Amino acid sequence: MKLSFRWFGTNADSVSLKQIRQIPGVHQVVATLYDIPVGETWPLSKILNLKKEITAAGLKMDVIESVNVHEDIKLGLPSRAKYIKNYQETIRNLAKADVKVICYNFMPIFDWTRTSLDYKLPDGSTALAFQRELVQENPQELIKKVETNNNGFVMPGWEPERLAKIKELFSAYAGKTSADLADNLKYFLQQIIPVCEEVGIKMAIHPDDPAQDIFGLPRICKSENDLERIVSMVDSPANALTICCGSLASNPQNNVPHILEKFVRKNRVAFVHARNIKFTSKYDFHETSHLSEDGDLDMYKLMKILVDNNFTGYIRPDHGRAIWDEKAMPGYGLFDRALAEEYLYGLIEGIKKSK
Ligand SMILES: [Mn+2]
């Protein structure tokens, strides 16, 4: 199992590669190219430059998160042909840079959604939080809130170009059902998984975050049954999952350890996001430190499943709290995520050595 750290690039991230290199036990950067419009092919030269930068810092770039999927693919529009062709090309280019895993998601319009980016915890730190009643009707309020609370960083999935088109996108999804969205995912996977098999890359779909319905949009990656349906759409180890523990836990019906174990045993987990959350009501929650004692997930249990099943894929801490007055993109500061890395490392070493 390889510990990794998400990094948005020199111009977009407050954390440097040098700092990541100094987190004990971390040798992998989960990287992205932030400046390429969704749907365009990632140019090989840019990918190789990114790899060069990361390698020069003494780190590896086996995982990319995310290569976003164009809305026309999710909507199943005729124009998807062009975007799928670009996606196939991007997969081939990433393989040329020895990338092994591509994390992506298939959520309509929004990437991850929270209703607060600075929820105060008793120790004075802040975390991301979610209140279900705020995502039922009009998304404009929430968009305004996210735009004014992002510490000046552009957050993944909340790019201004994307948000500007929100009304248009909502009308494009009007009348679309979960079954339509699932058909479009299946079609997409049928087109790209053969390319992945050919070049040795695994696609790892990220669950809907939160794993609940928002704004009446179809969502198809929220539960054990959803994940089962997705892995069977194309029966190949290249059609894999990102088990984001915190995302899946946000659906109170999900038994996260059971889900993790099930799909690890099927060899369909390529990437794990470790994150802890705490429920404040049936559907509302806030994120916490990664410790079992701070949240509702037992992190020891999750790590034990990975160690016991000889998981050889990649794992990273997910969102961290804002602590020690750090100014960073909400959820993606250095300090709390570095603490999480050491906690995960300690759990993994302890479990391995007590065998
Ligand atoms: Mn995640």
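Two strands count as paired here if DSSP finds at least two bridges between them, and strands (E, at least two residues) and helices (H or I, at least four) are DSSP runs numbered from the N terminus. With that in hand, Lys120 stands opposite Thr126 in β6. This is a predicted model, in which local features need pLDDT of at least 70, side-chain atom pairs count only at pLDDT 80 or more, and totals for chains, interfaces and linings use all residues. Residues are numbered from 1 along each chain as its sequence is written.

**The sheet**

β5 and β6 (residues 126-130) pair in the antiparallel sense over three bridges. They belong to an open sheet of four strands in the order β5-β6-β11-β10, with antiparallel pairing. Because β5 and β10 stand at the edges, each with a single partner strand, one side of each is left without a neighbour in the sheet.

| Edge strand | Residues |
|---|---|
| β5 | 116-120 |
| β10 | 277-279 |

**Helix α2**

Now let us turn to the helix. The 13 residues of α2 (residues 44-56) should span 18 Å at 1.5 Å a residue, the expected span being 1.5 Å times one less than the number of residues. The end C-alpha atoms of α2 are 18 Å apart, which agrees.

Which residues of α2 are buried? They are Ile47, Leu50 and Ile54, where buried means 20 or more other C-beta atoms within 10 Å of a residue's own, exposed 12 or fewer, and partly exposed in between, with C-beta atoms placed from the backbone. Seen down the axis of α2, the buried residues fall within an arc of 65 degrees, so they line one face of the helix; the arc is that of the directions from the helix axis to the C-beta atoms. Exposed Ser45, Lys52 and Ala56 sit on the face turned away from the buried side of α2. After α2 comes Gly58, with a positive phi near 85 degrees.
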